[in-house]
Amino acid sequence: MNSVFFKLTILVTALVLNYSVSFSQEEDNDNTAEESQISESNSSGDLSTVQIDEFLQSHNTLREEVGSPPLTWSNDLAAYAKAWGENLVQNGCKLEHRPGSGEWEQKYGENLWMGNGFTPTPRTAVEGWGSEKKDYDGGVISNNNSAAWHYTQVIWSKTTQVGCAIVKCSDGSYIIVCNYDPAGNFSGVNPTQK
């Protein structure tokens, strides 16, 4: 079942990333004070307390809407996300999920976001994933609702922890990586199933 999950995740990533990148480029600039929270010293993925709180609040707002319990922050998952983000930066910032095997084998759920033209806040990415709610049919995970799999990972009721990182690419674009434990998006399972 895990191999199906990873294959489906990779397939959907190509579809959803186009939307996420488009969404990020259309964001308005009302968050200029918040956007200034990401400084050059944080370009390697280190987050401030304000950013961590914003990641949690943004995730938990979406989770509360569907009755999923709130997430807690994991420094271990944040370090895991940061390591993958730095790997992406070192390899030309090609947006891709961790592979299903090898040195960088995926052990957790993962959402990726990429944008350029402005400095993103944690809310920017999570709201982008949350915008996929309109594509979710409320049922079990299947190919029919694959355009909403970032959103369904955010609201996955059995996930208890999240950790994220923000990294800056040499071209000025940003990648946000969030990892989730336990992972979600298992085929045939409803995200809000208790």
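The model is predicted, so a word on conventions: local features need pLDDT of at least 70, side-chain atom pairs count only at pLDDT 80 or more, and totals for chains, interfaces and linings use all residues. Residues are numbered from 1 along each chain as its sequence is written, and side-chain values use heavy atoms, with hydrogens and water left out.

I will start with the cysteines. How many disulfides does a search of the whole structure find? There are two, where a disulfide is a pair of cysteine sulfur atoms within 2.5 Å. One joins Cys93 to Cys169, with an S to S distance of 2.0 Å. The torsion about that S-S bond is about -105°, so this disulfide is left-handed. Its two ends belong to distant parts of the chain, 76 residues apart. Cys93 is in the loop between helix H4 (75-90) and strand E2 (109-115), and Cys169 is in the loop between strand E3 (161-168) and strand E4 (174-181). Helices (H or I, at least four residues) and strands (E, at least two) are DSSP runs, numbered from the N terminus. Cys93 is buried at 9% relative accessible area, and Cys169 is buried at 4%. Buried means under 20% relative accessible area, exposed over 50%, and partly exposed in between, with a 1.4 Å probe and protein chains only.

The other disulfide joins Cys164 to Cys178, S to S 2.1 Å. With 110° about the S-S bond, this link is right-handed. Cys164 lies in strand E3 and Cys178 in strand E4, so the pair ties together parts that are 14 residues apart in sequence. Cys164 has a relative accessible area of 1% and is buried; Cys178 is buried too, at 0%. Numbered in sequence order, the bonded cysteines pair 1-3, 2-4.

Cys178 brings us to the largest nonpolar core, where Cys178 is among the residues with the most contacts inside the core. A nonpolar core is a set of buried Ala, Val, Leu, Ile, Met, Phe, Trp, Tyr and Cys residues joined through side-chain atoms within 4.5 Å.

Next, the rings. The search finds six aromatic pairs in the whole structure. Rings of Phe, Tyr and Trp (its six-membered ring) pair if their centres lie within 6.5 Å; planes under 30 degrees apart count as stacked, over 60 as edge-to-face and the rest as tilted. Trp113 and Phe118 have ring centres 6.3 Å apart and planes at 70°, so they are edge-to-face. Both are buried. Trp156 and Phe186 are also edge-to-face, because their planes are at 65°, with centres 6.4 Å apart. Trp156 lies in the loop between H6 and E3, and Phe186 in the segment after E4, so this pair ties together parts 30 residues apart in sequence. Trp156 is buried, at 4%.

Last, Ser157. Where is Ser157 found? Ser157 is in the loop between helix H6 (149-155) and E3, and is buried at 7%. Its contacts beyond four places in sequence include Arg63, Pro69 and Lys194.

How values were computed
Contact means heavy atoms within 4.5 Å.
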